[in-house]
Amino acid sequence: MKFCLSNPLFALSRGPAPEIVVHGAIMTKLQDQEPVGMSDFSFLASSLLSPWQFLSADIADNQDFWSLGLAFHSGQDIHMTALEKLSEKARSGENELFCPREYPLDWEYTARLRFSNKKPMRIHHPCSGKHLLFLASCEHFGYKKDHYWDPSHPIQKKLFSFIGREAREQVQWAYDQCGLPSFFMNARTHLQMWERLCLDESEKTISMKDLWLNNPRLVGGRGRLDSDLTLAAKGKALVKEGTDGLLIVQSFPFQNDPAASCLIKISSGYNKTYLALALLSAINSNPQLPPVFMELKDYLQSRLDEWLPRGQNFLEPPFE
């Protein structure tokens with residue numbers, strides 16, 4: 001496996017020389033074509049695994065609250081309301097969840113809880129929806145809920161089998177930071193999985209994609225890059241953030257345009273601004289991407305003033 005990601009993605013400068021250079025990897029792929037970019041690195045799939053975790057649970061319908069099973073959520077009011085409904089379906093809650101106790105990702109909601117002297121809870125964890133999804137699946141299929149996160153549990157065995165079929169190669173597993181099993185994957189393999197997911201016309205997969213497109217704020221949150229970009233794509237792409245500096249943009253085939261994928265991994269870890277600028281650099285470097293990426297480019301450029309400090313310039317490689 002290759003882990004060192006030393007390619008410069010973009011730089012920030014107030015003069016002729018870069019002050020900050022952000023490194024990582026960018027990989028793009030057009031439907032049925034070979035990927036372009038750094039395709040031989042491997043990474044822990046983390047939250048980018050959510051669609052396959054959702055499908056392996058095999059329980060959800062089209063009610064909005066099920067989209068929390070796809071989420072790395074911000075813990076805002078809309079999420080907490082939906083989590084209550086998902087808890088009812090799972091007949092499980094704070095005491096059954098295995099994810100760590102945390103304050104919400106959203107700093108305003110965290111400040112509100114801290115001001116009220118309220119302690120962090122497992123339900124606040126960004127992955128609590130996925131945990132409740134598995135608990136709801138256990139409730140539905142009659143599995144024991146104890147150790148639902150363990151690779152030997154029937155619900156996780158279903159996931160392992162599903163990932164093996166979809167990846168079409170051997171993958172290595174490890175625990176994600178939320179306590180659920182995740183998988184180390186080659187970037188090429190991962191984009192192939194997203195492309196097949198995009199083109200899958202099975203009833204369950206179409207239902208999942210519709211649920212996601214109809215509830216992007218529940219899958220992410222207010223002010224979240226992936227939710228904003230999914231909305232900006234107007235039903236023509238799914239966008240998902242992952243912990244530690246991951247971003248995937250997967251477009252659907254539209255009219256005569258092919259499906260396309262863009263995967264970004266930032267070496268320094270998660271930073272919303274850096275992910276946005278890395279995506280802008282990726283789009284500028286790959287003019288063959290379909291028009292929906294140009295729409296996302298327009299959106300990203302419209303917000304540059306928010307992301308760049310006054311007087312700072314955005315530079316794309318090669319740097320002179």
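The structure holds 0 disulfides, a disulfide being a pair of cysteine sulfur atoms within 2.5 Å. The model is predicted: local features need pLDDT of at least 70, side-chain atom pairs count only at pLDDT 80 or more, and totals for chains, interfaces and linings use all residues. Residues are numbered from 1 along each chain as its sequence is written, and side-chain values use heavy atoms, with hydrogens and water left out.

For Cys138, the closest cysteine sulfur belongs to Cys99. The two sulfurs are 14 Å apart, too far for a bond. Cys138 is also buried, at 1% relative accessibility. Here, buried means under 20% relative accessible area, exposed means over 50%, and partly exposed lies in between (1.4 Å probe, protein chains only). For Cys198, the closest cysteine sulfur is in Cys262. That distance is 14 Å, again too far for a bond. Cys198 counts as buried at 5% relative accessibility.

Cys198 also takes part in a helix contact. Helices (H or I, at least four residues) and strands (E, at least two) are DSSP runs, numbered from the N terminus. Helix H6 spans residues 187-199, and helix H7 spans residues 203-214. Their axes come within 9 Å and cross at roughly 95°. Axes are lines fitted to C-alpha atoms, for helices over the stretch in contact, and angles run from 0 to 180 degrees between N-to-C directions. H6 is therefore roughly perpendicular to H7. Angles of 65 to 115 degrees count as roughly perpendicular, under 35 as roughly parallel, over 145 as roughly antiparallel, and the rest as oblique. On the H6 side, the contact (heavy atoms within 4.5 Å) is made by Trp194, Leu197, Cys198 and Leu199. H7 contributes Thr205, Met208, Lys209 and Trp212. These residues divide into 6 nonpolar, 1 polar and 1 charged. Ala, Val, Leu, Ile, Met, Phe, Trp, Tyr, Cys and Pro count as nonpolar, Asp, Glu, Lys and Arg as charged, and the others, Gly among them, as polar.

Salt bridges number 14. A salt bridge is a side-chain nitrogen of Lys or Arg within 4 Å of a carboxyl oxygen of Asp or Glu. One of them joins Asp77 and Arg112, at 3.5 Å from N to O. Asp77 lies in helix H2 (residues 77-90) and Arg112 in helix H3 (residues 107-115), so the pair ties together parts 35 residues apart in sequence. Asp77 is partly exposed, with a relative accessible area of 40%. Arg112 is partly exposed at 45%.

A second salt bridge pairs Arg217 with Asp228, with the closest N and O atoms 2.6 Å apart. Arg217 sits in helix H8 (residues 216-219) and Asp228 in helix H9 (residues 225-232), so this pair ties together parts 11 residues apart in sequence. Arg217 is partly exposed at 29%, whereas Asp228 is buried at 9%. Arg217 and Asp228 are linked with Arg303 and Glu306 in a network of salt bridges. Another salt bridge joins Asp226 and Arg224, with a closest N to O distance of 3.8 Å. Both Asp226 and Arg224 are buried.

Pro181 belongs to strand S6 (residues 181-186). Pro181 is buried, with a relative accessible area of 1%. Pro181 and Leu44 are 137 residues apart in sequence, but their C-alpha atoms are 10 Å apart in space. Leaving aside neighbours within four places in sequence, Pro181 is in contact with residues including Leu49, Gln53, Trp149, Phe160 and Tyr175.
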